Amino acid sequence: EGMAPETTLVGIKCLGFVLGIGFESDILEAMQLAIERRADIVNMSLGSDEMPSTPDDDPEMKAVDVLVQNDIIPCIAVGNAGPGVSTVGTPGCTDSAVTVGAYNPIIGTIPDVYSSRGPTLWGGIKPDFVMPGSSIYAAALGVLDPVGDGLQNGYAVLSGSSMATPHMAGLLACARQLYKEKYGKTLTAAMVKDIGERLGTAKNNDTGYGVLTWDMVKNYAASYLV
């Protein structure tokens with residue numbers, strides 16, 4: 001059923017001319033539409049291989065900051081350009097984003113290639129967390145449909161930080177509902193990182209704070225929201 005099967009999902013498709021290729025203007029418009037649709041969480045399984053020299057040089061990064069200012073949590077893929085350092089492109093390199101890398105939950109390792117590494121060129125540690133991103137059975141159409149299973153059935157077996165990011169978005173959708181209904185609090189991107197700071201591992205440029213789990217979400221609420 002996925003991470004949050006009862007969520008209200010808004011599909012804003014801004015890429016896909018050729019296997020996810022598109023224009024920056026379309027990505028910016030999609031973020032604006034997310035604000036207009038009053039989204040709680042935004043999943044952005046996309047990114048460029050280029051990192052701006054400073055946070056002030058990039059319109060996508062500025063738009064991510066605007067999402068956060070509107071109480072939207074942007075979950076953004078770290079990219080698939082590992083294992084070299086400083087390979088996190090825009091907009092995943094944005095300080096305010098919840099940037100997600102991939103890990104293999106079966107063997108517990110970070111893939112060499114399809115999870116980029118920090119730091120940013122201005123010293124920020126990225127990703128913020130890692131989530132399952134290896135051999136994920138995911139909805140797919142067109143040329144990606146038969147990947148991994150050889151079947152034209154609307155699903156494919158895919159790997160990458162784009163597969164990891166929806167795991168984070170779904171978990172945070174459930175967490176945001178819990179915090180609102182039980183504690184009267186609105187979960188923010190800053191709070192998500194505080195969960196990692198308090199309950200995760202020491203942050204580094206390979207795995208961030210590590211894997212965000214439901215137990216961490218509940219324990220943080222019980223300890224710091226009451």
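Is C14 buried or exposed? C14 is buried, at a relative accessible area of 14%. Here, buried means under 20% relative accessible area, exposed means over 50%, and partly exposed lies in between, with a 1.4 Å probe and protein chains only.

This is a predicted model: local features need pLDDT of at least 70, side-chain atom pairs count only at pLDDT 80 or more, and totals for chains, interfaces and linings use all residues. Residues are numbered from 1 along each chain as its sequence is written, and side-chain values use heavy atoms, without hydrogens or water.

Start with the cysteines. The whole structure has zero disulfides, a disulfide being a pair of cysteine sulfur atoms within 2.5 Å. C174 is partly exposed, with a relative accessible area of 25%.

The largest nonpolar core holds 27 residues. Such a core is a set of buried Ala, Val, Leu, Ile, Met, Phe, Trp, Tyr and Cys residues joined through side-chain atoms within 4.5 Å. Among those with the most contacts inside it are I73, M168, L172 and Y179. Elements giving two or more residues to this core include β2 (73-77), α3 (161-183) and α4 (189-199). Helices (H or I, at least four residues) and strands (E, at least two) are DSSP runs, numbered from the N terminus. The largest share, seven residues, comes from α3.

A second, separate core has 15 residues, including C14, I35, A63 and L67.
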